[in-house]
2 protein chains.
Amino acid sequence: MAKANDTKNRIWLDYTDLMADAVGPAHGISQAELDAEIPRMQGISWRLKKERAEGGLAFMNLPYQKEWVREIEKYARSLPGNIENFVVIGIGGSALGNIMLHSALNHPEYNLLSQEARGGRPRMFFLDNVDPDWTTSLLEALNPRRTVFNVITKSGDTAETMANFLIARAWLMRAVGKNALCRHIVATTDKSKGHLRKIVEAENYPSFIVPDGVGGRFSVLTPVGLLSAAVSGINIRRLLQGAADMDMCCQADDPRKNPAALNALLHYLLDTLKDKKISVMMPYVHRLRDFADWYRQLWAESLGKETALDGRRVNTGQTPVKALGATDQHSQLQLYMEGPFDKVLTFIGLDKYPKETRIPRAFPDMEGIAYLGGRSLSELIKAEQQSSALALAKNERPNCAIVLPALNPHTLGQLIYMYEVQTAFAGALYNINPFDQPGVEQGKKYACGMMGRKGYEKYKDDVEQSSARTRRTVP
Amino acid sequence: MAKANDTKNRIWLDYTDLMADAVGPAHGISQAELDAEIPRMQGISWRLKKERAEGGLAFMNLPYQKEWVREIEKYARSLPGNIENFVVIGIGGSALGNIMLHSALNHPEYNLLSQEARGGRPRMFFLDNVDPDWTTSLLEALNPRRTVFNVITKSGDTAETMANFLIARAWLMRAVGKNALCRHIVATTDKSKGHLRKIVEAENYPSFIVPDGVGGRFSVLTPVGLLSAAVSGINIRRLLQGAADMDMCCQADDPRKNPAALNALLHYLLDTLKDKKISVMMPYVHRLRDFADWYRQLWAESLGKETALDGRRVNTGQTPVKALGATDQHSQLQLYMEGPFDKVLTFIGLDKYPKETRIPRAFPDMEGIAYLGGRSLSELIKAEQQSSALALAKNERPNCAIVLPALNPHTLGQLIYMYEVQTAFAGALYNINPFDQPGVEQGKKYACGMMGRKGYEKYKDDVEQSSARTRRTVP
């Protein structure tokens, strides 16, 4: 794939096959459709810059907030060598970024390596659910004397996180005593408010701050995501540098020169003009499978909104779908090729994989496999990516690719920041607030009611009335 | 065929909130809409029974094919105690079922347990991609002398599987020599045809058969899925018994008494009458996250089809989406609550979790967390499932639940079989063939061309011409 790329380590977007001249006018964007939106996009760009200059859009300044980097690195260095497990307790935006950084930048079988092969660093775990079987089983597998928990919640009353925290804390106390808790727990929470901050002060845990004005799904470049990354040895300065470099790329008011703005616009137009209600992200990089999961929260929770327009209810938001190449060619490609024309696909490709291996020559008389011999495995996965893209385009299925020259903190930082800015642009295009999540409140109230929280009794009644209806069941 | 149903351990479907009386007529199915399809469904049921009686639909008879169970158990028992790693090499239907059984029925941190805690059984790995970094990294972490590979491909020329097989074989040869390969490789492939069968004969590997007439995505109850399950200690007889018991449930020609038929019909009607193009499966059971992935292949590849009706192109198939409760309440629920009305959700709930734990009482003065103290963690996750379901229903979002009394091979066998039969019913409703996947052939041809396979030169030319187009890129 030829590319006039000035900076050697810069990622780029190839959107050739999103356009009508590649996939036809019914399913691709015409030049005229794109051009018509350029003035509006410039207006959005100016508006976002103004908001940022006035102290809003705090996530955009995270690449430059170095004040906590030194503290985080100091904490990571000071972790005693006998600590063999580091367990993040968080959920949603307080876990997905951590998981994504770990999967992308650490050894694919990291937890199975010896501590020496891990550079003396602990194994990493991410407890982001409240399944009693999983919580119990995980603790069974760990030695409390050699385990540190990083509990992450800005508000300090996220039910799932605090439930797991209370369980982990009691489990630690039984083994090490209350006074030693502060050597086994590190908290990431609001600087002054909330229950977790109070507990930190009462029990003297080390702690980091979730800054104000940065929502959970935009928080990976704060201590929320950076602490566990640094503990596992990831170069968080390079990660922030990548984000800062992408910030420079996203300064262009002309969307044709701004990858975040352009990708937002193309996806918005594909949704609203061509009915592509589903956005599939399909990295052909095994390590980026959880990047797709992180994107899935960012895109869904930011853009899935109900608003009113001229008194009419409007429900926005593409449904993001996580897929993985080449694996899902044997699972989802049939649907993407022949199913409804309701999808746009984003491939993520890698020029140079972190490790390479060659397929050995063998069985020369078996023509159905002999051709593989002598080729590298990256040739195979790249051929599969290109082949899927072409087959889809020939079937009028719009798809684009983001290409990383290599996978490292610098390129991943660019990718993260690009998608965060793209989400801000998309929010403006849909004319919704991409930074709230009002739709989850009702469910939380019912759950508080069911769990007997004071003041939530009427929600419990609602759930019980609903359960008491005649149920339709089979068999 | 099988003994009477063990009703105590039976799974069931609760579809209350798929109906118009719960979520309104715009987004739910009315009784009249359901009743109108009953004669058609009875006809489909008769037709499927006839086809099965005539030797078709081979997957339906798998619960009774005990001839390979004894062989599999014998192999599993005979695995030497010094084997510490069992690596499945397969992709799509030759991996997703294996992964699903392992996640669902083995300890959540199985590979981290000591071999003793694993009952002397090996660690389990599933190499289902061709990322050079992952393949290389996985082999780095394993000792070849203590590793067995189960290579699975019916045709024997699946490029991804054979590439990884050739790499693993060479890696083994360097460590143990060619003559010992047969102690480190076990193949699952066609009984007589294909390259892998020839290699098995030439190199004398133990082997199992992928039976004829069973497609990859319906093959989990053949040696494809059962061998790795048995090696890790799963009771495959109980799994098959569960499937057989569900077969009895699915004999009813009246869809109102047949969970597979009814769930197929409800999803078909929600798609075609109410525009629910997306089917979200969201287990509130951490161990069932990969069941959702297995379902994702089954539903997508079976129903995502292009056909012609009266000369008009028709593109069928709901897009299956994998989600996980309670985790994705903090990622996807906002979109499910407020986004487009294009989804139907299936929760999977558990009456009794495999392990239980209690949230300790602590911090009685902090009312935002104190209410959790003394409650069990399963109360919390169940309250969250009920709360999400109710909040969604009140927002006119159709959702249903499959309830498992417990999670064990018997209930999982029922769930697997129900979804397989449901897929056959759905194929008939959409009037497509749910057992083929013609849409993936074009991409495979391009990839063979790119990799230099003889006879595929013209496909290589196509890809190169496509790459040579002027690309649109940014920045």
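How many bridges join strand β2 of chain B to strand β4 of chain B, and in which direction do the two strands run? Five bridges join β2 (residues 85-89) to β4 (residues 147-152), and the strands run parallel. The model is predicted: local features need pLDDT of at least 70, side-chain atom pairs count only at pLDDT 80 or more, and totals for chains, interfaces and linings use all residues. Residues are numbered from 1 along each chain as its sequence is written, while chains are lettered from A and ligands numbered from 1 in the order in which they are written.

**Sheet in chain B**

- An open sheet of five strands in chain B has the order β3-β2-β4-β5-β6, with parallel pairing.
- Its edge strands, each pairing on one side only, are β3 (123-127) and β6 (207-209) of chain B.
- From one strand to the next, the twist averages 15°; axes are lines fitted to C-alpha atoms, for helices over the stretch in contact, and angles run from 0 to 180 degrees between N-to-C directions.
- B:Ile89 stands opposite B:Val151 in β4(B).
- Strands (E, at least two residues) and helices (H or I, at least four) are DSSP runs numbered from the N terminus, and two strands pair if DSSP finds at least two bridges between them.

**Pairing between chains**

- Strand β1 (residues 12-14) of chain A and strand β13 (residues 473-474) of chain B run antiparallel and are joined by two bridges.
- A:Asp14 stands opposite B:Thr473 in β13(B).

**Interface**

- In chain A, 129 residues are in contact with 126 residues of chain B (contact: C-beta atoms, placed from the backbone, within 7 Å).
- Helix α15 (residues 377-394) of chain A gives the largest share of the side of chain A that touches chain B, twelve residues.
- 98% of the interface residues of chain A are also interface residues in chain B, so the copies meet through the same surface.

**Symmetry**

- Chain A is superposed on chain B by a rotation of 180° with 0.0 Å of shift along its axis (RMSD 0.0 Å), by least squares on the C-alpha atoms of residues with pLDDT of at least 70 in both.
- That is the relation of a two-fold axis.
- The C-alpha of A:Val321 is the nearest to the axis in chain A, 3.4 Å from it.

**Nonpolar core**

- The largest nonpolar core has 306 residues, and A:Ala163, A:Phe425, B:Ala163 and B:Phe425 have the most contacts inside it.
- Such a core is a set of buried Ala, Val, Leu, Ile, Met, Phe, Trp, Tyr and Cys residues joined through C-beta atoms within 7 Å; buried means that 20 or more other C-beta atoms lie within 10 Å of the residue's own.
- Leaving aside neighbours within four places in sequence, B:Ala163 is in contact with A:Ile359, A:Leu372, A:Leu377, A:Leu380 and B:Val130.

Methods:
Buried ≥ 20, exposed ≤ 12 C-beta atoms within 10 Å, placed from the backbone. Contact = placed C-beta atoms within 7 Å.
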